[in-house]
Amino acid sequence: MQLTYNNNQFVCVSKIEEKDIPKNAGFRWNPDNKFWATTNIDIAIKLNVYADDTAKMELERLLAKQKAKIEASRLTDINIDFPVPEDLKYLGYQKAGIAYAIDKNATLLADEMGLGKTIQAIGVINAKEDIKKVIIVCPASLKINWQRELEKWLVKPLTVGIAGKKFPEADIIIINYDILKKYQANLEKQNWDLIVMDEAHYVKNSKAARSKVAKEIAEKAKNKILITGTPIANRPAELWHLLHILNPQKWDNFFNFAKRYCDAERTSYGWDFSGASNLKELQNLLRENVMVRRLKKDVLTELPAKRRQIITIEADKEAQQLIKQQTSQLDALKELGKERKALTKQKSTMSEEEYRNAVRALNARSAATIGEIAVFSKSPCSCRTLRSSA
């Protein structure tokens, strides 16, 4: 058996009785040329003992290159300054994340929750000169937050618009996943310099309508940033469509991906892709090609003291109706309080019977209003509404 390097791939020629060695290592069989091959350094290194001089030299070169890329995806500081508003500054690891993303045209921004992935994405817009038209896709509840962060961190004189009942005319469009299909024609007319998909797990299902539209728009974008806090879950299969959106040429075959990283197996019901396998290899592959990820424990010395932030969430139609009902009830209670004070002042001008009747009627109305509020506050939907409107 011999491992060599030829035509940008590692080639393993083996005897029939040795076929399980490259197969188990992860090499793919080339039926036309009758050899095993791979472009994956993590797979090729497993057969290092069979490598000729050419393969050994290439393995050393690629391993050094891979190590540098993986280290870049973990960097927590970098000596580069990027455009930022005068009264603000990026933390060291945020600058490292921005540097990683501007060096590529496709990035999986996968820092742990709370490390400022939104700020880093805006930092890329600030730092990359050719980015002037941007589409930001996110859950409906995050649209206002994105608008506020852009107003705070954006340096470029770009206009910002939120797609809702109408599609806005702006340099940066913020749109939620639920209405991508509705505005597909508007979105495809534009030449986007950057598409950002926040909470990117919303497009993990390649068969969903929003995933298909998101993929079509992303194909025409010059740069792509997908944001998620949990890149490798218990089911790597859920990651594949995100990778396919980022780079459809490299991540072009789900079945090959599933066999290698999803512990794919054939059952009596068909193929099962719900497992996980070779996760360390997948981690290296992601960091080498598309992913920047740091954990809180990696950057604890840089994190500021605990900060509190009010995030405004746009209420849906049902919540808006409940908020309106709640406001009406509270206003009615305030009016009853005013009437009670006015009645007390008028007591001296009223007969005892008139006053008692007026108090009785006022108490009845107060009891009815308080009863309505009590019933409202006990409903599950109202609890959610009261929290979101606070």
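User: Which residues do ring pairs link into a cluster?
Analyst: W240, F254, F255, W271 and F273. Rings of Phe, Tyr and Trp (its six-membered ring) pair if their centres lie within 6.5 Å; planes under 30 degrees apart are stacked, over 60 edge-to-face, and the rest tilted. This is a predicted model, where local features need pLDDT of at least 70 and side-chain atom pairs count only at pLDDT 80 or more, while totals for chains, interfaces and linings use all residues. Residues are numbered from 1 along each chain as its sequence is written, and side-chain values use heavy atoms, with hydrogens and water left out.

User: How many aromatic pairs does the structure hold?
Analyst: 12. One of them is F255 with F273, edge-to-face, at 6.3 Å centre to centre and 85° between the planes. F255 lies in helix α10 (residues 254-261) and F273 in the loop between β12 (270-272) and α11 (279-289), so the pair ties together parts 18 residues apart in sequence. Helices (H or I, at least four residues) and strands (E, at least two) are DSSP runs, numbered from the N terminus.

User: What are the planes doing in F257 and Y261?
Analyst: Their planes are at 55° and the ring centres 5.3 Å apart, so that pair is tilted. F257 and Y261 are four residues apart in helix α10, about one helical turn.

User: Are F257 and Y261 buried or exposed?
Analyst: F257 is buried, and so is Y261. Buried means under 20% relative accessible area, exposed over 50%, partly exposed in between (1.4 Å probe, protein chains only). F255 is partly exposed at 31%, and F273 is partly exposed at 22%.

User: Switching to charges. Which ring does the charged end of K104 sit over?
Analyst: The ring of Y100, 4.9 Å from its centre. The charged end of K250 sits over the ring of W251, 5.8 Å from its centre. The test is NZ of Lys or CZ of Arg within 6 Å of the ring centre and within 35 degrees of the ring normal.

User: Now the sheet. What order do the strands have?
Analyst: β7-β8-β6-β9-β10-β5-β13, an open sheet of seven strands with parallel pairing. The edge strands are β7 (160-162) and β13 (291-292), each pairing on one side only. Two strands pair if DSSP finds at least two bridges between them.

User: How many bridges does β6 have with β8?
Analyst: Five, in the parallel sense, with β8 at residues 172-176. Four bridges join β6 to β9, also parallel. I135 stands opposite I173 in β8 and opposite I195 in β9. V134 has L194 as its bridge partner in β9.

User: Which way do the β6 side chains point?
Analyst: V134, I136 and C138 point one way, I135 and V137 the other, and all are buried. In a regular strand the side chains alternate between the two faces of the sheet. Five of the five residues of β6 are buried, so β6 is largely enclosed by the rest of the structure.

User: And α5, how many of its residues are buried?
Analyst: 10 of the 11 (residues 117-127), so α5 is largely enclosed too. Among the buried ones are I119, I122, V124 and I125.

User: What do the buried residues of α5 pack against?
Analyst: α4 (92-102), β5 (106-109), β6 (134-138), α6 (143-153), β9 (194-197) and β10 (223-227). Contact means heavy atoms within 4.5 Å.

User: Which strands does α5 lie across?
Analyst: β5, β6, β9 and β10, and α5 runs at about 175° to β10. Axes are lines fitted to C-alpha atoms, for helices over the stretch in contact, and angles run from 0 to 180 degrees between N-to-C directions.
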